[in-house]
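Colleague: I have some labels to check with you. Tell me what stands behind each one.

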Amino acid sequence: MTAAIFKLSTNLNEPSPDMSAYLQALWYDAKGNWEKAHTLIQDIEDKNAAWIHAYLHRKEGDNWNADYWYRRAGKSRPVVDLDTEWATIVSAFL
């Protein structure tokens with residue numbers, strides 16, 4: 001799957017069942033369902049989930065919490081816009 005096809009899949013009602021939890025969280029975020037995205041990712045204890053968790057809190061406007069999760073992911077808060085960060089994360093998990 002490419003990033004473009006993944007983005008197009010957000011026109012569907014549900015994510016593909018073969019998507020990882022990481023991609024499902026990003027899919028729900030793209031659909032405007034921040035809560036579902038956060039619920040899917042918040043209890044996964046690895047750096048990949050921490051990166052998505054950080055992005056979600058950055059999107060929420062909670063930079064203090066986002067910075068905590070970026071550190072857990074081994075990353076720094078990016079200076080790019082949220083759409084660019086979303087696309088970068090999606091590409092990393094495809």
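Modeller: Start with a cut-off: buried means under 20% relative accessible area, exposed means over 50%, and partly exposed is in between. Bear in mind that this is a predicted model.

Colleague: Why is Y68 called partly exposed?

Modeller: Y68 has 33% relative accessibility.

Colleague: Why are the rings of Y68 and W69 called edge-to-face?

Modeller: Their planes stand at 85 degrees. Edge-to-face needs over 60. The centres are 5.0 Å apart, and a pair must lie within 6.5 Å.

Colleague: Why is the pair of W51 and F93 called tilted?

Modeller: The search of the whole structure finds five aromatic pairs. In this one the ring centres are 6.0 Å apart and the planes meet at 50 degrees, so the pair is tilted. Under 30 degrees would be stacked, and over 60 edge-to-face.

Colleague: What does that pair tie together?

Modeller: W51 is in helix α4 and F93 in helix α6, so the pair links parts that are 42 residues apart in sequence. W51 is buried at 13% relative accessibility, and F93 is buried at 17%. With Y22, they form one aromatic cluster.

Colleague: How do you know that a charge sits over the ring of W51?

Modeller: The charged end of K75 is 4.2 Å from the centre of that ring. The distance limit is within 6 Å, and the charge must also be within 35 degrees of the ring normal. K7 has its charged end over the ring of W86, 4.9 Å from the centre.

Colleague: How do you know that the buried residues of α6 are on the same side?

Modeller: They are E85, W86, I89, V90 and F93. They cover an arc of only 135 degrees around the axis, which puts them on the same side of α6. They pack against α1, α2, α4 and α5.

Colleague: What makes α2 largely enclosed?

Modeller: Eight of its ten residues are buried, so α2 is largely enclosed by the rest of the structure. The cover includes α1, α3, α4 and α6.

Colleague: Why is D29 called buried?

Modeller: D29 has 3% relative accessibility, and buried means under 20%, so D29 counts as buried. D29 lies in helix α2. Among the residues D29 touches are W34, Y55 and W86.

How values were computed. Residues are numbered from 1 along each chain as its sequence is written. This is a predicted model: local features need pLDDT of at least 70, side-chain atom pairs count only at pLDDT 80 or more; totals for chains, interfaces and linings use all residues. Side-chain values use heavy atoms; hydrogens and water are left out. Buried means under 20% relative accessible area, exposed over 50%, partly exposed in between (1.4 Å probe, protein chains only). Helices (H or I, at least four residues) and strands (E, at least two) are DSSP runs, numbered from the N terminus. The arc is that of the directions from the helix axis to the C-beta atoms. Contact means heavy atoms within 4.5 Å. Lists of a residue's contacts leave out its neighbours within four places in sequence.
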